[in-house]
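This report describes the fold of one chain and then turns to a few residues inside it.

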Amino acid sequence: MMEQVVWEVRLPRIIAGMIVGGGLAISGASFQGLFRNPLVSPDILGVSAGAGFGAALALLLNFTGITVAVFAFGCGLIAVSLVYGITRLHKSTPTLIFVLSGIIVSAFFTSLISLTKYIADPYDKLPAIVFWLMGSISAVTYKMIWITMPLIVIASAVLLLLRWRLNVLSLGDREARSLGINIRKLRLIVVVCTTIITAAAVCLGGTIGWIGLVTPHLGRIMVGPNHSRLLPVSFLLGASFLLIIDNIARTLTATEIPLGILTGIVGAPFFTYLILRHKVKWL
């Protein structure tokens, strides 16, 4: 029984917590460098909202397990495709239009989530939808890990290979062009990789906030703004942070607390501390 608890229950949660936390953290650091904005998080382009709607729709249609993850991943990709399509229609200020398009698409899918909760059975489906959206890795299985982990690992590896280009891009579009960087191509690759990571992370753990926003700032305090060191450090910090939060969620009370609640409770004061104590220069 002890062996089954360790290998079949605890180990999948540990693996899922580390890859979800690390993936969200490296996505947040990449987005902040790409948009040159310290307040950008991985869900800025509507990935989390789209994936959340996909999962809610799957639960409403009585699907479970891996099917919910597939719905979430597919709708997350659809959300970012809509953002990119809107951006392509506008010829100027692509960075600003990216952010504004993300806000529009995120608000649209958030409304669809509300509609899904409104028509769901309040005694059966609605609690399952609400609990999933608050974030949890309690139902993670090895099958879900083997499907999503390669996506997160490969996309993270691509971002690590491009980390010096993010340094150049953070200096500004004009400087990047003068050094021979194809800004449009680089921006598209980063957006695609971060979208895949975020959508896969939401498939495993639901909507978990603050990790992609807080941990990159902590990484900058530790190693500086150089993305060559910041990206791997952010991945390790995010993995460690979510692993600790998951342990607290399991042991703090008799019933498990959703991860999204704890990350918000811990992340908001900690982010305030980073701003006031270390005087983050980007802000």
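Is Phe-35 buried or exposed? Phe-35 is buried, with a relative accessible area of 7%; buried means under 20% relative accessible area, exposed over 50% and partly exposed in between, with a 1.4 Å probe and protein chains only.

The model is predicted, so local features need pLDDT of at least 70 and side-chain atom pairs count only at pLDDT 80 or more, while totals for chains, interfaces and linings use all residues. Residues are numbered from 1 along each chain as its sequence is written, and side-chain values use heavy atoms, with hydrogens and water left out.

**Overall fold**

The chain holds 12 helices and zero strands, where helices (H or I, at least four residues) and strands (E, at least two) are DSSP runs numbered from the N terminus. For 283 residues, a compact globule would have a radius of gyration near 19 Å, and the chain agrees at 19 Å. That radius is taken over C-alpha atoms, and the globule rule is 2.2 Å times the number of residues to the power 0.38. Along the principal axes, the C-alpha atoms fill a box of roughly 60 × 40 × 35 Å.

Of the 283 residues, 48% count as buried. Contact means heavy atoms within 4.5 Å; among contacts between residues at least 6 apart in sequence, 75% join residues at least 24 apart.

**Aromatic pairs**

Rings of Phe, Tyr and Trp (its six-membered ring) pair if their centres lie within 6.5 Å; planes under 30 degrees apart count as stacked, over 60 as edge-to-face and the rest as tilted. By this rule the count comes to four aromatic pairs. Phe-31 and Phe-35 are stacked, because their ring centres are 5.5 Å apart and their planes are at 25 degrees. These two residues are four apart in helix 1 (residues 2-35), which means a separation of about one helical turn. Elsewhere, ring pairs link Phe-53, Phe-108 and Phe-109 into a cluster.

**Gly-54**

Gly-54 lies in helix 2 (residues 47-60). Leaving aside neighbours within four places in sequence, Gly-54 is in contact with Phe-71, Ala-72 and Cys-75. The C-alpha atoms of Gly-54 and Ile-78, 24 residues apart along the chain, are separated by 9.9 Å.

| Residue | Relative accessible area | Class |
|---|---|---|
| Phe-31 | 0% | buried |
| Phe-35 | 7% | buried |
| Gly-54 | 0% | buried |
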